[in-house]
Each structure stands twice: as structure tokens, then as C-alpha cells.
Amino acid sequence: MKLRNILIVVKDIEKSKKFYHDLFGLDTILDQKGNMILTEGLVLQEESIWRDFLGKEIIPKSNSCELYFEEQNIEAFIEKLEKLYPSIQYVNRLILHHWGQKVIRFYDLDGNLIEVGTPMQNEGR
């Protein structure tokens with residue numbers, strides 16, 4: 001068995017596509033009505049489709065999971081984030097963990113939690 005994709009729920013798929021392309025360089029692989037697969041296996045699905053499928057309300061900012069990205073030049077990433085999305089809501093601004101990793105956490109346009117961190121040393125990858 002193989003994990004193929006991670007799906008997140010979004011209100012406006014075009015705005016979210018732009019957000020993930022602008023900040024993370026993700027491109028569209030497949031665009032179907034209300035469903036979009038981006039590079040790196042991220043799937044965007046419009047909230048109305050997900051709500052109808054589940055029969056439950058969507059809870060933004062549930063803090064139950066996060067998308068994790070690594071960026072060597074995190075300061076340049078933060079400059080880009082603040083320039084392109086100045087009203088972004090932060091969970092924490094840039095911090096330095098005691099193990100030496102710098103990280104920032106914020107919500108995307110729909111309340112999905114994102115962490116961007118510098119690569120970990122000696123990961124064995």
C-alpha cells in the first residue's frame with residue numbers, strides 16, 4: 001500500500017491554487033470540477049463538495065494536522081509570505097528550537113495549518 005495524496009478543504013479553489021503556487025511552487029497536475037491535484041501530492045477540494053460527501057460541517061483552524069514544508073532560506077520565504085499575503089494569520093512567527101531548527105507556523109487562506117522549517121541536520125535521508 002502507498003499513500004498517494006493529502007487532501008485539504010478550501011473555500012475558493014482558484015485562490016488556494018494561487019496561494020500554494022505563489023508560496024511553495026506547487027503546480028496543477030489535474031483540474032477537475034471542485035478537485036485539483038497539485039505537485040507533491042497535495043489535493044485541493046472545494047468545501048461544498050467535502051461537506052456534501054461527509055454530511056458534516058467543516059471546522060477551519062481545527063489544529064488537528066499541518067502541512068510541513070522545508071526551506072533552507074526561511075528568512076527569504078518569510079519576506080515573500082509577508083509581501084504576497086500581508087494579512088496571513090500566524091500561529092507563531094519565526095522561532096528557533098533548541099535543536100537548531102528555525103520554524104514558522106501560519107494558516108492558509110482556509111485555516112489549514114502550515115509549518116515551514118529549515119531542513120533538519122542528520123536526518124539520514
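Close-up 1. A patch here is built from residues with over 30% relative accessible area and no salt bridge, and nonpolar side chains are joined within 5 Å. This is a predicted model, and in it Tyr-68, Trp-99 and Met-120 make a nonpolar surface patch of about 300 Å². Take a moment to find Met-120, which sits in the segment after β8 (113-117). Met-120 counts as partly exposed because its relative accessibility is 31%.

Close-up 2. Searching the whole structure turns up 8 aromatic pairs. One of them joins Phe-19 and Phe-24 in an edge-to-face arrangement, with 6.5 Å from centre to centre and 65 degrees between the planes. Both of these residues, Phe-19 and Phe-24, are buried. Follow the ring pairs onward and you can trace a cluster that links Phe-19, Tyr-20, Phe-24, Phe-69, Phe-77, Tyr-85 and Phe-106.

**Close-up 3. Charges over tyrosine rings.** Look for Arg-93, whose charged end sits over the ring of Tyr-90 at 3.9 Å from its centre. In another such view, Lys-61 lies over the face of Tyr-107, 5.4 Å from the ring centre.

**Close-up 4. A salt bridge within helix α2.** The whole structure holds 9 salt bridges, and one of them pairs Glu-47 with Arg-51, whose closest N and O atoms are 2.6 Å apart. The two residues are separated by about one helical turn, because they lie 4 residues apart in helix α2 (residues 47-54). Glu-47 counts as buried at 15% relative accessibility, while Arg-51 is partly exposed at 25%. Salt bridges with shared partners also join Lys-11, Glu-47, Arg-51 and Glu-57 into one network.

Close-up 5. Glu-75 belongs to helix α3 (residues 74-84) and Lys-102 to strand β7 (residues 102-107), so the pair ties together parts that are 27 residues apart in sequence. Glu-75 is partly exposed, with 35% relative accessibility, and Lys-102 is partly exposed too, with a relative accessible area of 30%.

Close-up 6. Arg-105 and Glu-115 meet through their side chains in a salt bridge of 3.0 Å, N to O. With Arg-105 in strand β7 and Glu-115 in strand β8, the pair links distant parts of the chain, 10 residues apart. Glu-115 is buried, as its relative accessible area is 6%.

Definitions and conventions:
Residues are numbered from 1 along each chain as its sequence is written. This is a predicted model: local features need pLDDT of at least 70, side-chain atom pairs count only at pLDDT 80 or more; totals for chains, interfaces and linings use all residues. Side-chain values use heavy atoms; hydrogens and water are left out. Rings of Phe, Tyr and Trp (its six-membered ring) pair if their centres lie within 6.5 Å; planes under 30 degrees apart count as stacked, over 60 as edge-to-face and the rest as tilted. Buried means under 20% relative accessible area, exposed over 50%, partly exposed in between (1.4 Å probe, protein chains only). A charge sits over a ring if NZ of Lys or CZ of Arg is within 6 Å of the ring centre and within 35 degrees of the ring normal. Patches are made of residues with over 30% relative accessible area and no salt bridge: like charges are joined within 9 Å, nonpolar side chains (Val, Leu, Ile, Met, Phe, Trp, Tyr) within 5 Å. Accessible areas come from the Shrake-Rupley method with a 1.4 Å probe; for residues, only the protein chains shown count as cover. A salt bridge is a side-chain nitrogen of Lys or Arg within 4 Å of a carboxyl oxygen of Asp or Glu.
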